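Please open the model in your viewer and keep the sequence beside it.

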Amino acid sequence: MNIMDFNVKKLAADAGTFLSRAVQFTEEKLGQAEKTELDAHLENLLSKAECTKLWTEKIMKQTEVLLQPNPNARIEEFVYEKLDRKAPSRMNNPELLGQYMIDAGNEFGPGTAYGNALIKCGETQKRIGAADRELIQTSAINFLTPLRNFIEGDYKTITKERKLLQNKRLDLDAAKTRLKKAKVAEARAAIWAEEVTKSEQEVRITQSEFDRQAEITRLLLEGISSTHAHHLRCLNDFVEAQMTYYAQCYQYMLDLQKQLGSFPSTFLSNNNQSSTTPVQSVSSPSVLASASASLPSVSNSMVTSGLSELKSSSGSRKARVLYDYDAANSSELSLLADEVITVYSIPGMDSDWLMGERGNQKGKVPITYLELLN
């Protein structure tokens, strides 16, 4: 027998097997053939595997959306990953905002209050952007990759073995159907006893192959419990990465708040509504060990009280200038940070302004740039 003859016979045998399975499957769907049912334990394992696959995919995809909200960026990263190439490095949103703030601050002038504050805010935003990159990288390695490995590896193997089990089950039921028909024909003396014996042997062989495949599938499915345990450890790593990220961001903003200093209530709200609710601190063993108490709140009530008394009286007070201020016109007074000037109110003046005096110079000054002295 040459190779060509062998291949032809193999193709013919495969075609016969496929046809037999197709006939058996169709007759089962039409209710014309019996079907071997899997045991309850194996059915439960199959259901658990399907449920694990479904929710793992949903969690993985939504985590990707959380870490990278831009769909175009996700597609680009996916393409580069498939091409086994590194995606080009680009600024993320916090870094881009930070760079804009720094550029604006330099344009307005680092020596001005607004320019200086923009630069400080921009530097903090860039630090938050770097922490964001670290979160994405850590989460991808410790959380997303194990989930993806399960979907693309373990579950594909389970699916392959489950399909083999389905084919072995169809072979077994087809053999049982042929045996049943042979026995009916034997009772009618339509065939020889050898045909019945041949059908019985076929049933024994297919039953053995089905049992073996069912055991292989069962062993794979029982590994789902180990998968859950592994994914639990990965979930803990993801939570720790998030905790570190948010703790870093909190610390960065706390440092920024201290750099910007304390502001009067009218600076904190456009509607002159004071924000007196204290912000509670968030502690992290690794990042915020020193920030275990509540944030220091601005004493808005004292500032508001002092300004109210000054506006209602005809007297004057000393005030320290918090930031540089460039006069917009001749009716205003330019200010330098940390200098001390005399301020007072005059009837009909806007609530956001006071009259300021420095030697023989005087003009309107914004109260948000002042700290009243006792």
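Start by selecting asparagine 92 together with glutamate 95: asparagine 92 caps the N-terminal end of H4, with a side-chain oxygen 3.0 Å from the backbone nitrogen of glutamate 95. This is a predicted model, in which local features need pLDDT of at least 70 and side-chain atom pairs count only at pLDDT 80 or more, while totals for chains, interfaces and linings use all residues. Residues are numbered from 1 along each chain as its sequence is written, and side-chain values use heavy atoms, with hydrogens and water left out.

Next, select helix H4 itself, residues 93–108; helices here are DSSP runs of H or I with at least four residues, numbered from the N terminus. Its end C-alpha atoms are 22 Å apart, which agrees with the 22 Å that its 16 residues should span at 1.5 Å a residue, the expected span being 1.5 Å times one less than the number of residues.

Within H4, colour Pro94, Glu95, Gly98, Met101, Ile102 and Gly105, which are buried (under 20% relative accessible area, whereas exposed means over 50% and partly exposed in between, with a 1.4 Å probe and protein chains only). They cover an arc of only 125 degrees around the axis, so they lie on the same side of H4, the arc being that of the directions from the helix axis to the C-beta atoms. Turn to the face away from this buried side, and you will find the exposed residues Asn93, Tyr100 and Glu107. After H4 comes glycine 109, whose phi is positive, near 115 degrees.

Finally, move to glutamine 207 in helix H6, residues 193–222; glutamine 207 is partly exposed, with a relative accessible area of 26%.

Definitions and conventions. Helix = DSSP H or I, 4+ residues; strand = E, 2+ residues; numbered from the N terminus. Polar contact = N/O pair within 3.5 Å; in protein donor to acceptor, adjacent residues only side chain to side chain.
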